[in-house]
Amino acid sequence: MSTLAANAPGATGGGLADVAASEATLRRFLHGLPGVDQVGLESRAATLGTRSIKTTAKAFAIDLAISMIDLTTLEGADTVGKVRSLCAKGLSPDPSDRTAPQVAAICVYPDMVATAKDALRGSGIQVASVATAFPSGRAGMPVKLADTAEAVAAGADEIDMVIDRGAFLSGRYLEVFEEIRAVKEACRRPDGSAAHLKVIFETGELQTYDNVRRASWLTMIAGADFIKTSTGKVAVNATPPVTLLMLEAVRDFRAATGTQVGVKPAGGIRTTKDAMKYLVMVNETLGDDWLSPHWFRFGASSLLNDLLMQRQKLRTGRYSGPDYVTVD
């Protein structure tokens, strides 16, 4: 067990069942977590970012990164045709090379879930849907739960919810906890199975690294299957230090509870070089256990085109023209 997990209030005995018994106990736990060493965190993230992946492993890393992408369209102008086109790209990212792997998921608004589900039928690609009044989260619980239930009923395999940042920053931790629990319950299907729940912090709005650590633990205790940095709709999205902090949190949470949780950095990851840095970070912090689409995702649709360009360069020895990849 890591030092953080061992020293976390309520972590003794490998369980955290009593942490959310009341607002007071939850606050005591979250504020009892060790403070984040900003200099140390940023220095380690920067150091990991300098490590390179050798040519012999780069092809594997590129394919792994492609297989971890949640290919996304979340615009008011989305159409059935656009969603079907995105699904086709997810199924066959490089039509000229059928060995290119599929992406992990297609992420859409709830009203487009059925379209994506039909287009991806039998492929193994997950259909993810944002919910809970994405991206602001500014809606009452009945609306948020209805949003979630609509997506699940339409066939969503995964739900990406946003926390109430206003409640969190005001210290109303139990309110955030109970909201996550309610959405988790809304992810259940009549047959007893459930859509996986990815919980978005919008880390660019959480102000401090300590808040990111607290949000990570709060969310995991509430039952999140994945913790996710951002909506991609604000100025500051995923950053290496924030992602590293979240990776450390899931590592320590598993040490404390035995439960493994996934991580998804989203927004601002655009190049193969960026993706390689994140994969190195995952490998160095968590090891092979998390180097899988089941436990790590990229919320970065524009990243796919650069990965495909670099993949083609390794395969043929040259870069293609600008029309080599399709425009999302």
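**Reading buried charges, a pocket and paired strands**

Biologist: Is Lys264 buried or exposed?

Modeller: Lys264 is buried, with a relative accessible area of 1%, where buried means under 20%, exposed over 50% and partly exposed in between, for a 1.4 Å probe and protein chains only. This is a predicted model, in which local features need pLDDT of at least 70 and side-chain atom pairs count only at pLDDT 80 or more, whereas totals for chains, interfaces and linings use all residues. Residues are numbered from 1 along each chain as its sequence is written, and side-chain values use heavy atoms, with hydrogens and water left out.

Biologist: With which residue does Lys264 form a salt bridge?

Modeller: A salt bridge is a side-chain nitrogen of Lys or Arg within 4 Å of a carboxyl oxygen of Asp or Glu. Here Lys264 has Asp70 as its partner, and their closest N and O atoms are 2.7 Å apart. Since Asp70 belongs to strand β1 and Lys264 to strand β7 (residues 262–264), the pair ties together parts that are 194 residues apart in sequence. Strands (E, at least two residues) and helices (H or I, at least four) are DSSP runs, numbered from the N terminus.

Biologist: How many residues line the largest pocket?

Modeller: Rolling a probe the size of a water molecule over the atoms shows where empty space is left. On a 1 Å grid over the protein atoms alone, a pocket is an open set of points where a 1.4 Å probe fits, with protein on both sides within 12 Å along at least five of seven lines, and lining residues have an atom within 4 Å of a point. In this model 25 residues line the largest pocket, and Thr72, Gly232, Gly299, Ala300 and Ser301 lie nearest its centre.

Biologist: How many of the five residues of strand β3 are buried?

Modeller: Four of the five residues of β3 (residues 126–130) are buried, so the strand is largely enclosed by the rest of the structure.

Biologist: In which sense do strand β2 and β3 pair?

Modeller: Two strands pair if DSSP finds at least two bridges between them. β2 (residues 105–108) and β3 pair in the parallel sense over four bridges, and Val108 has Ser129 in β3 as its bridge partner. On the other pairing, β3 and strand β4 (residues 158–162) are joined in the parallel sense over three bridges, with Glu158 in β4 as the bridge partner of Ala128.
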